[in-house]
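Please take a moment to look at the sequence and the model, and then follow the strands and helices step by step.

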Amino acid sequence: MSDSVSEGLYLLDYGAGNVRSVFNAVEALGHKISLISHPSDFDKAKKIIFPGVGSFGHAIESMKKKNLIQPLLEYIKSNRPLFGICVGMQVLFEGSQESDSPGLAIFPGTVTKFNDSSKPVPHIGWTTPVLVQELPESLSSIKSHLTTDSFYYFVHSYAVPYIENHKNLYTVNTVTKYHDETFISSICSNNIFATQFHPEKSGKSGLNLLDFFIKHFQPINTFPSPKFFSNITSQPSSRVIACMDVRSNDQGDLVVTKGDQYDVRESSQNNQVRNLGKPVELAKRYYLEGADEVTFLNITSFRNIPLNDTPMLDILKEASKSVFVPMTVGGGIRAISNPQTGENWSPVQVADAYFLAGADKISIGSDAVYSAEKFIKNNLTKDGSSSIEQISFVYGSQAVVVSIDPRRVYVDNPSSTKHHAIQTSIKGPNNESYCWFQCTVNGGREGRDIDVVELATSIQILGAGEILLNSIDKDGSNSGFDLELISLVKSSVSIPVIASSGAGNPSHFYDAINIAKADAVLAAGIFHRNEVSISESKQYLASKNINVRPAI
């Protein structure tokens, strides 16, 4: 790629969010990009990409601390092109319900929170934006990217509503309908193009859009009169997620493994750790097969200090160079103290390391259970001390996943336990007809006196944006998900729920989505062993009228 195309291309690094994802996407396209981290850098910029992962208020405050707001406003006034992404789009408006901090007020309007009484919030998934603006001929390439065949990745709780007769209609390029609410999913006005979705995490479609901005986007002077479209239809897709349990084998190498009820050692072959492949290679394979997300769970990090876990950080850095869908990482994310050195790290600092290495979301396990127990003990009062609260305050709830590991505890009748018991079609060992789901810590090794409903509802209040719902009883069984467990949790919370543990064939994915109403399905072993491919799974779901992003 000619250096002249990349000359003057800058990425606004304001200290919030994962800039590595955008940086790697741009470099994968063959371009070079520099970082703006000081006000003087704006003078050298000809085009700027303004990424955003996190909360509205934290983004504004971070920019204030770095003295970046006034130079950014002057840059925009100079008519040089700007590409805003997610929060990088939201802060261009007057303000947000998420924060008392005012926005940059480039465009009229307020960012509002989705109504969670009728749908899962955050909105997480792949959706097709609907083009509502008649673009000039010079920007016809944008229209070719934003077609009904182009899916883009959304992850947000707040958006700018699409409202008839509103004075911001002239900025609207595309809109998206999330269940009963229609919001602005991209804007195009003069020298600004911005998206609520993440092109850097939207596979080939997103990369093409970034490439267009870098090569061809120029300021626009005239637009047709804005029109309002009331018959917008779009349906959020169900996600298929590939998960990799990563740990050191007996030779000290990080490998992808898979357990049967969390036992990852082979019964034969000298009791070796089960080795199903190399993490980076598998992640790339799953991306190319059409995985909507990739998850890494570092299943031995609770024994170590994650910030010293450079091999896992290296895996994220390397995978982010070729995997352009969201990546979640879990394992040991909590406040850390090193007794040998006396060093201390906050949960946000630990999360920072993973985000800077290339992660888009972090998954919290055992620490979430301890936080929920404390929250319940304190009469459902938040005190800001939990890792969930601290990380979601900086990065937004959409960046925080809680991984729950429950197991069935059978009882003769509901009155014999204080926990949320259900009548079950899966009888207990003594023919019991009721059970409750006990939450565990330390990889399922230790049961706690808290049930899955108590945990799920507590972590939602604390600020988690998504639940990864495992099942110790179903893990490695290939017999299907625990539909009763998924249904119970789905009926208890308004945040998205990912079904995990037990998938053996595509019909199990369908049951989890259609019967238990899971928002996403996750599998590991059947993908690792090539028993079922991601593309086959998606084709099956599509044949059953489940809306999925086509495999790429």
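Two strands are said to pair if DSSP finds at least two bridges between them. In this predicted model, strand β17, which covers residues 327-330, is joined to β20 by three bridges, and these two strands run parallel. Within this pairing, Val329 stands opposite Ile362 in β20. Strand β20 is also joined by three bridges to strand β21, residues 400-404, and here too the strands run parallel, with Ile362 standing opposite Val400 in β21. As for the side chains of β20, which spans residues 361-364, Lys361 and Ser363 point one way while Ile362 and Ile364 point the other way, and all of them are buried.

Turn now to another group of strands. Strands of a sheet pair through backbone hydrogen bonds, either parallel or antiparallel. Eight strands form an open sheet with mixed pairing, in the order β2-β1-β3-β4-β13-β12-β11-β8. At the edges stand β2 (34-36) and β8 (130-131), and because each has a single partner strand, one side of each is left without a neighbour in the sheet. Further inside that order, three bridges join strand β3, residues 47-50, to strand β4, residues 82-85, and the two run parallel; the bridge partner of Ile49 in β4 is Phe83.

Which helices lie across strands of this sheet? Helix α2, made of residues 19-28, lies across β1 (9-12), β2, β3 and β4, and runs at about 165° to β1. Helix α7, made of residues 203-216, lies across β1, β3, β4 and β13 (192-195), running at about 155° to β3.

Technical notes:
Residues are numbered from 1 along each chain as its sequence is written. This is a predicted model: local features need pLDDT of at least 70, side-chain atom pairs count only at pLDDT 80 or more; totals for chains, interfaces and linings use all residues. Side-chain values use heavy atoms; hydrogens and water are left out. Helices (H or I, at least four residues) and strands (E, at least two) are DSSP runs, numbered from the N terminus. Contact means heavy atoms within 4.5 Å. Axes are lines fitted to C-alpha atoms, for helices over the stretch in contact, and angles run from 0 to 180 degrees between N-to-C directions. Buried means under 20% relative accessible area, exposed over 50%, partly exposed in between (1.4 Å probe, protein chains only).
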